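Please consider the sequence and the structure shown below. The paragraphs that come after them lead through selected elements in turn.

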Amino acid sequence: MIDNGELSNRILDIDKMEKEKISGSEALMRSLEHQGVKTIFGYPGGSIMPVYDALYDHMDKLNHILVRHEQGAAHAAEGFARVSGEVGVCLVTSGPGATNTVTGIADAMIDSTPIVVIAGQVGVSALGTDAFQEVDWVGLTQPISKWSYMIRDANDIAKAVARAFYIAKSGRPGPVVLDFPKSAQTQMIEYEPAEIDYIRSYDPVPDTDPVSIREAAELINNAKRPFMLVGQGVELGNAQQELRDFIEKADIPCGTTMLGLSAIPYNHPLNKGMLGMHGNIGPNVNTNKCDVLIAVGMRFSDRVTGFLPNYAKQAKIIHFDIDPAEINKNVKVDVAVLGDCKQTLTEVGKLLQPTKHTKWVDSFSTYEKLEYDKVIHNELYPESGPLTYGEVVNTVAEATKHEAILVTDVGQNQLTASRYFKLAKQRSMVTSGGLGTMGFGLPAGIGACFGAPDRTVCVFMGDGGAQMTIQELGVVMEHKVPVKVIILNNHFLGNVRQWQELFFNRRYSFTHMMNPDYMKIAEAYGIPATRIVEREELKPAVERMLATDGPFILEACVAEEENVLPMTPPGSAISEIMLETD
């Protein structure tokens with residue numbers, strides 16, 4: 001006769017015996033699905049092959065996009081994350097497959113983009129032997145990621161994946177790297193999904209000091225000339241409405257960083273334009289005239305501040321940020337408001353007194369007129385000569401009613417598109433800001449198409465950046481990705497050439513480019529395309545591009561030696577602005 005205790009033990013033993021055992025690779029697939037992943041950008045190889053074998057049975061739930069180079073996988077994951085608000089995922093093999101993603105990981109780190117990069121690795125027993133395609137992946141990526149971890153034991157997979165996604169998307173977002181040895185991929189385990197919403201050593205959202213809330217509100221309420229700097233943190237924190245409520249209540253004009261351009265609609269009456277080296281005159285000049293400067297979710301990059309010793313010395317400075325490391329890093333502030341800006345803007349906003357700063361807000365119009373007369377009119381509406389960057393960008397923007405997602409590469413195409421595309425919807429700006437990665441545009445645009453399939457995605461790139469990741473047209477061809485690619489072709493590495501003209505006596509050292517025939521390349525990939533040279537061709541070509549169902553390449557042959565102005569020269573105060581080069 002069996003007593004109750006013995007019967008209970010036998011039942012537990014039977015349950016344990018019957019529990020399913022799966023491979024580490026299968027556990028990874030289930031863990032990704034548990035995190036809600038539906039899209040993966042990747043490239044297979046020897047050390048990740050067991051994972052790809054497991055993926056074969058999950059293709060109904062996990063849409064894998066085969067890129068043509070691992071750098072493209074990382075940038076596509078970035079583009080996906082930026083527009084969707086979700087975590088981008090890429091999957092690669094060890095050695096060169098992993099190291100090819102380093103640029104994308106570094107890019108995601110400095111621009112606070114949540115991605116998870118999973119790389120294969122040699123088996124645990126071969127670590128440290130210089131085995132084929134072995135590289136110290138954790139050591140390489142620790143300085144450029146939020147967290148980098150090797151999964152040595154398959155029993156750790158569920159928790160490692162849960163932790164990776166939690167770290168990537170919480171607090172100040174960023175990239176996470178998982179190093180996955182082949183031995184753990186093939187190890188058999190009993191799998192249970194994991195949930196993580198707390199890590200003892202990790203504080204993603206610091207507590208907000210109530211005193212800082214009151215001090216910030218007091219400074220703003222007493223200000224005569226308040227000015228707000230809006231960064232990407234507003235988008236990352238989904239605080240777009242809180243921002244609008246804040247500035248409208250206190251009648252505070254604002255300027256945006258390049259990455260923060262779509263945090264507030266371009267046509268909002270208090271949005272005075274872009275900050276920084278190639279930003280609008282009004283925001284830059286009035287940064288050095290305001291009496292209270294309010295920064296939200298931005299890091300005071302050198303491209304925004306100009307020469308730091310002359311930056312906003314007359315102003316009391318308030319800094320809203322979720323990352324304590326950014327406080328007083330570049331600019332010493334008077335009040336630091338730590339925390340999630342969706343909450344902190346609300347809390348300070350409650351204490352603001354409704355007011356009007358009519359004269360101060362109107363002061364921006366003088367600079368707007370000056371900039372229009374000196375720069376914008378000639379850039380957007382030239383009467384003769386070659387096509388300009390600005391008129392091409394403006395024509396596409398107006399044709400999309402400013403509702404498309406703007407993706408840029410890096411260089412003059414990026415600077416001009418940022419100035420003139422004018423974004424009406426949130427999460428519409430995808431560019432490489434802090435790292436300035438040429439080749440970012442095409443793969444990021446592909447990722448954006450998968451992240452926001454219901455929106456039009458326009459990618460602007462120069463002829464230089466286009467050739468850095470041009471192989472990703474293979475992805476466009478295979479999946480008929482409906483990306484609209486605009487190549488601004490001036491036969492130069494344009495931004496470097498501009499600096500050589502202005503600061504190196506026109507010594508154009510290796511910046512002129514001999515380019516391939518982009519139309520033949522488009523034909524080879526089966527992508528509709530057209531090249532325009534004359535002004536009258538522009539509008540019909542843009543209309544054709546947007547009317548085409550699927551991808552399209554528009555090559556615009558623009559002026560070879562056009563400069564992007566206004567410009568604050570390096571080493572100058574942000575208010576010392578160049579409007580002409582002659």
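The model is a predicted one. The buried residues are Ile 157, Ala 158, Ala 160, Val 161, Ala 162, Ala 164, Phe 165, Tyr 166, Ile 167 and Ala 168.

Which elements cover the buried residues of H8? Both helices and strands contribute to this cover: it includes helix H2 (24-34) and helix H9 (182-186), and also strands E4 (88-92), E5 (115-121), E6 (147-150) and E7 (175-181). Just after H8, Gly 171 adopts a positive phi of about 60°.

Helix H22, residues 494-503, may be read next. Here the buried residues are Gly 494, Arg 497, Gln 498, Gln 500 and Glu 501. Seen down the axis of H22, these residues fall within an arc of 165°, and they therefore line one face of the helix. The partner against which the buried residues of H22 pack is helix H18 (412-420). Just after H22, a positive phi of about 55° is found at Asn 505.

E19 is joined by four bridges to strand E20 (residues 552-557), and the two strands run parallel. Together with helix H24 (residues 538-547), strands E19 and E20 make a right-handed β-α-β unit.

The last site is a single residue. Glu 242 lies in helix H12, which comprises residues 240-250. Is this residue, Glu 242, buried or exposed? Its relative accessibility is 17%, and the cut-off for a buried residue is under 20%; Glu 242 therefore counts as buried. With residues up to four places away in sequence left out of the count, Glu 242 touches Lys 342, Leu 345 and Thr 346.

Note on methods
Residues numbered from 1 in each chain as written. Predicted model: local features only at pLDDT ≥ 70, side-chain atom pairs only at ≥ 80, totals over all residues. Heavy atoms only, no water. Pairing = 2+ DSSP bridges. Right-handed = clockwise from strand over helix to strand, strands pointing away. Buried < 20%, exposed > 50% of the residue type's maximum accessible area, 1.4 Å probe, protein only. Contact = heavy atoms within 4.5 Å. Arc of directions from axis to C-beta.
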